[in-house]
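Colleague: I would like to learn how to read helix packing in a model. Could you walk me through it?

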Amino acid sequence: MSAAASGALRVCVAGASGRMGQMLVEAVRASGDCTLSGALDVAGSPAIGQDAAGFGQATGVAITADLTAGLSGSQFLIDFTRPEGTMVHLRECAKHGVAVVIGTTGFSEAQKAEIARIAKQIPIMMAPNMSVGVNVTLKLLEMAAKAMSTGYDIEIIEAHHRHKVDAPSGTALKMGEVIADALGRDLKECAVYAREGVTGERDPSSIGFATIRGGDIVGDHTVLFAGTGERIEITHKSSSRVTYAQGSLRAVRFLAGKPAGLYDMFDVLGLK
């Protein structure tokens, strides 16, 4: 769909030359209601100046490091980059009234607070995982945690590709937050991220995390509720990033016409 297409949702993609960025560009191009209006990458990237589609294809949109140019004419930005870059993009989007879909993970508490402040100016949909399946899994975890609030030890195991730079994954942390909230606990106080040596018996109120990194694993997450005589495992496995791209476009459609505010995938999917 051309940029001039009537009624098309005009979407800019950050990190456009990366693996996720290319998936997003293709998803926008293949959609029936969105058009690619901009493509961003870091200054110095060899992709600067090239067509956003790559592989000799043509969108008519060149990848740029100029935020003003890249966001010009855009209604939405989809950002799956790094926290520092996302924050710079957000501040620029606030100036231009561009709504933002954030899939970036690894934000500090200070950065999260700034995102909340910016969300008073523009609509922002922020989620550590855009997969519809993952977000349905989060709802199942909320239900399971309430039903198994006592007598069950909770452990979260996640696995990702060798290139992932943050641990535990944003999705694993979100799972922990959902479970802790359902149990009336604060994840900051009950999370256990590492075990080594003589650790003593397991604190029954803790939520444990285990991280695996290797190969090209897109993303596997398992939450174990281990009781006496039984255990329940709730697992989600991603085999392709396509689901993240499609979830991102679903978020774009949700944000269209929404007032300023901070939304998540539960809002998008009507799970609240």
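Colleague: Which residues of helix 5 are buried?

Modeller: First, some ground rules. This is a predicted model, where local features need pLDDT of at least 70 and side-chain atom pairs count only at pLDDT 80 or more, while totals for chains, interfaces and linings use all residues. Residues are numbered from 1 along each chain as its sequence is written, and side-chain values use heavy atoms, with hydrogens and water left out. Helices (H or I, at least four residues) and strands (E, at least two) are DSSP runs, numbered from the N terminus. Buried means under 20% relative accessible area, exposed over 50%, and partly exposed in between (1.4 Å probe, protein chains only). In helix 5, the buried residues are V134, N135, T137, L138, L141, E142, A144 and A145.

Colleague: What covers the buried residues of helix 5?

Modeller: Look for contact, meaning heavy atoms within 4.5 Å. The cover includes helix 6, strand 10 (219–226), strand 11 (231–238) and helix 9 (265–269).

Colleague: At what angle do helix 5 and helix 6 pack?

Modeller: Axes are lines fitted to C-alpha atoms, for helices over the stretch in contact, and angles run from 0 to 180 degrees between N-to-C directions. Here the angle is about 30°, with the axes 8 Å apart. Angles under 35 degrees count as roughly parallel, over 145 as roughly antiparallel, 65 to 115 as roughly perpendicular and the rest as oblique. That makes helix 5 roughly parallel to helix 6.

Colleague: Which residues of helix 5 and helix 6 meet?

Modeller: From helix 5 come V134, T137, L138, L141, E142, A145 and K146, and they meet T171, K174, M175, V178, I179, A182 and L183 of helix 6. For classes, Ala, Val, Leu, Ile, Met, Phe, Trp, Tyr, Cys and Pro count as nonpolar, Asp, Glu, Lys and Arg as charged, and the others, Gly among them, as polar. This contact has nine nonpolar, two polar and three charged residues.

Colleague: What lies on either side of helix 6?

Modeller: Just after helix 6, G184 takes a positive phi of about 75°. In the loop between strand 7 and helix 6 sits P168, and the peptide bond from A167 to P168 is cis, with omega near -10°.
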